[in-house]
Amino acid sequence: MAQKITVDPITRIEGHLRIDAEVEGNTIKKAWSSGQMWRGIEVILKGRDPRDAWLFTQRICGVCTTVHAIASVRAVENALQMEIPLNAQYIRNLVLAIHALHDHIVHFYVLSALDWVDVVSALKADINETTKLAQSLSDWPGNSKERFKAVKDKLKAIVESGQLGPFANAYWGHPAMILPPEVNLMAVSHYLEALDYQRKADSAIAIIGGKNPHIQNLSVGGVTTAINPNNEATLNMERLYWIKQLVSEVRDFIQKVYLIDVIAVGALYKDWLKYGSGVKNYLAVPDMPLDTRGTKFDLPGGTIFNGDLKNARAFKNFNDPYFRENVQESIAHSWYDGSWTKSPFEEDTIPKYTDFKPDGKYSWIKAPRFKGEPMQVGPLAQVLIGYALGHELTKKYVDFALKKISKIAGVNVGVEALHSTPGRHLGRAIRAAILSDLALKHWELLVENIGRGDLEIFNPPTFPKGQQMGFGFHEAPRGTLSHWIVIEDGRIKNYQCVVPSTWNAGPRDGKGKPGPYEAALVGNPVAIPEKPLEVLRTVHSFDPCIACAVHCLDPEGKEFSRVKVL
Ligand code: NFE
Ligand code: MG
């Protein structure tokens, strides 16, 4: 007999997400993803000055703080067909790359590792064995006997005190947890180190952006980061080298610890490589522009349909009609007035709540579609598209990861294994490795350009009478983000954000096609319906952000997770 599980809210994410699953014979047969709160930033923007929009939209989220700022200025610049000085592109690129490094580290260790790593089991680890294992995987200096012993002692003290702190709520001892104690101890040690390295990335953003979270250095037309190598108050050589130092340390952590941990966990959980693929249409946009108009990029973007890597298609520039003409959103199952599917330029956002109706409306999140199809977005999408399009850095790290996984797992793991729940973690770690190299590359590009005597950072926008429409995209940590603006006589007439977590966490569309979370849960095992660890594994692998998805705010912030099994 089918059982219905409701997990509300899902924890270790941003925002309020409810997941319902129908389970039969310990397997998920159907699932529903529901965003539970709404704020309406898109509505607040109407009538305002387009130059202010980035400051409002950036407040959509406290996690991906930079991304709505960048997408917003790009949307206005696209509407006005503006060119951006090279320094401004490089500075934005540095910010977005370093922000993603921080975000990916936090996601793996803080928001999802404990779905796979049993912290309590680490207490049983043999220190010598842990050291041997960790050193066989990586030459990271933190993989020392002294450190592992210190971490084990610390963990023991935490557990004995009865105050588990960040480790208080998880399914310790769950039968789906299968890592040996030594791997668990190594992962706990890296979890604690990750806290330091994400902070280093954040510090670098604060130096460039003036403040973090929520950078202050953007402007429609460029950046406000004044550059003068000989001035103490501006971006000068001292600050640039400080940033380089921080980013280099973060790169080492990502390449020697994070990527390796994800490979090891993926290999040891190789049975999971068959779960969680769901929607195998992928969407990513190119980013890290190398020129003033956004026609050449260091990060690849495009589409893949039905997992067919051979026919991947690239987006060519910031103005590509292949993107502009194919994005739509459906509200057939969302709590808004109507049941249309429309281009973001034509949408409205009129809330109409009906309670949770599994066959009717059941979420505040809209359902974005590309050419009418649901698309999975996120690091995995970008990595698969880059791989399919022959992007060299992507190929280098994908091949490295698959080779190492195959060696540890003792079976041949190919690229098709990435269509899975662990594959999303691998995609994210691979993307982080790529971005850590690219951050340093764009640092060099910036310093070289300044060295040529170019100190330009801003081209002033002018707003003609009449109507202009524009879209700006950005490949954010959770995937493809786009902002869509209609300007009339210098004011915002319509503004829509189509956000990564909207693509992934959205509900069914008018044709009844489930969104990526819903599709990825189908077929997942559930060993104990009262403790649905497996649901968390697959949902967390997408890195949900519901504030982004429905541009919402949680006024209570304190409810504990509730699992209902009916
Ligand atoms: Ni709030 Fe964000 C956006 C999403 S990107 S986290 O846009 O989804 O990582
Ligand atoms: Mg929206």
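These are my notebook entries on a predicted model, taken one topic at a time.

**Entry: the nickel atom**

I started with the nickel atom of ligand 1. Which residues coordinate it? I found Cys61, Cys545 and Cys548, each through its SG atom, at 2.2 to 2.3 Å. In sequence these donor residues follow the spacing C-x483-C-x2-C. I then looked up where two of them sit. Cys61 is in the loop between helix 2 (53–57) and helix 3. Cys545 is in the loop between helix 15 (533–541) and helix 16 (546–550). The two are 484 residues apart, so I noted that the pair links distant parts of the chain.

Next I checked the angles. For four donors to count as tetrahedral, all angles must lie between 85 and 135 degrees.

Are the cysteines buried or exposed? Cys61 is buried, with a relative accessible area of 2%. Cys545 is buried too, with a relative accessible area of 0%.

**Entry: the iron atom**

I moved on to the iron atom of ligand 1. Its protein donors are Cys64 (SG) and Cys548 (SG), lying 2.4 to 2.6 Å from the iron. Cys64 lies in the loop between helix 2 and helix 3, and Cys548 lies in helix 16. These parts are 484 residues apart in sequence, so this pair ties them together.

What is the arrangement of the four donor atoms around the iron atom? Their angles run from 73 to 164°, which makes the arrangement irregular.

Cys548 counts as buried at 3% relative accessibility. Cys64 is buried as well, with a relative accessible area of 3%.

**Entry: helix 3**

I checked the length of helix 3 (residues 67–79). At 1.5 Å a residue, its 13 residues should span 18 Å. The C-alpha atoms at its ends are 18 Å apart, which agrees. I then asked how many of its residues are buried. The count is 13 of the 13, so helix 3 is largely enclosed by the rest of the structure. Just after helix 3, Gln81 has a positive phi of about 50°.

**Entry: helix 10**

I did the burial check again on helix 10 (residues 379–388). Eight of its 10 residues are buried, so helix 10 is largely enclosed by the rest of the structure. Among the buried ones are Pro379, Leu380 and Val383. Gly390 follows helix 10, and its phi is positive, near 80°.

Strand 11 (residues 327–330) pairs with strand 12 over two bridges. In that pairing, Ser330 has Thr341 as its bridge partner. Strand 11 also pairs with strand 13, over four bridges. There, Gln328 stands opposite Arg369.

I looked at the side chains of strand 13. In a regular strand, side chains alternate between the two faces of the sheet. Ala367 and Arg369 point one way, while Pro368 and Phe370 point the other way. All of them are buried.

**Entry: aromatic rings**

I counted 31 aromatic pairs. One of them is Trp140 with Phe253, an edge-to-face pair at 5.7 Å centre to centre with 75° between the planes. Trp140 lies in the loop between helix 5 (127–137) and helix 6 (145–161), and Phe253 lies in helix 8 (residues 237–268), so the pair ties together parts 113 residues apart in sequence. Trp140 is buried at 8% relative accessible area, and Phe253 is buried at 0%.

I looked up a second pair, Phe323 and Phe473. Their centres are 5.2 Å apart and their planes stand at 65°, so the pair is edge-to-face. Phe323 is in helix 9 (residues 321–324) and Phe473 is in strand 15 (residues 467–476), 150 residues apart in sequence. Both are buried. Both also belong to one aromatic cluster, whose members include Phe297, Tyr322 and Trp484.

**Entry: charges over rings**

I ended with two charged residues. Lys4 lies over the face of Trp32, 5.1 Å from the ring centre. Arg424 lies over the face of Phe542, 3.8 Å from the ring centre.

Definitions and conventions: Residues numbered from 1 in each chain as written. Chains lettered and ligands numbered in written order. Predicted model: local features only at pLDDT ≥ 70, side-chain atom pairs only at ≥ 80, totals over all residues. Heavy atoms only, no water. Expected span 1.5 Å × (residues − 1). Buried < 20%, exposed > 50% of the residue type's maximum accessible area, 1.4 Å probe, protein only. Pairing = 2+ DSSP bridges. Donors = N, O, S within 2.8 Å, 3.2 Å for Na, K, Ca; no water. Phe/Tyr/Trp six-rings, centres within 6.5 Å; stacked < 30°, edge-to-face > 60°. Lys NZ or Arg CZ within 6 Å of the ring centre and 35° of its normal. Tetrahedral: all angles 85-135°; square planar, octahedral: opposite > 155°, others 65-115°.
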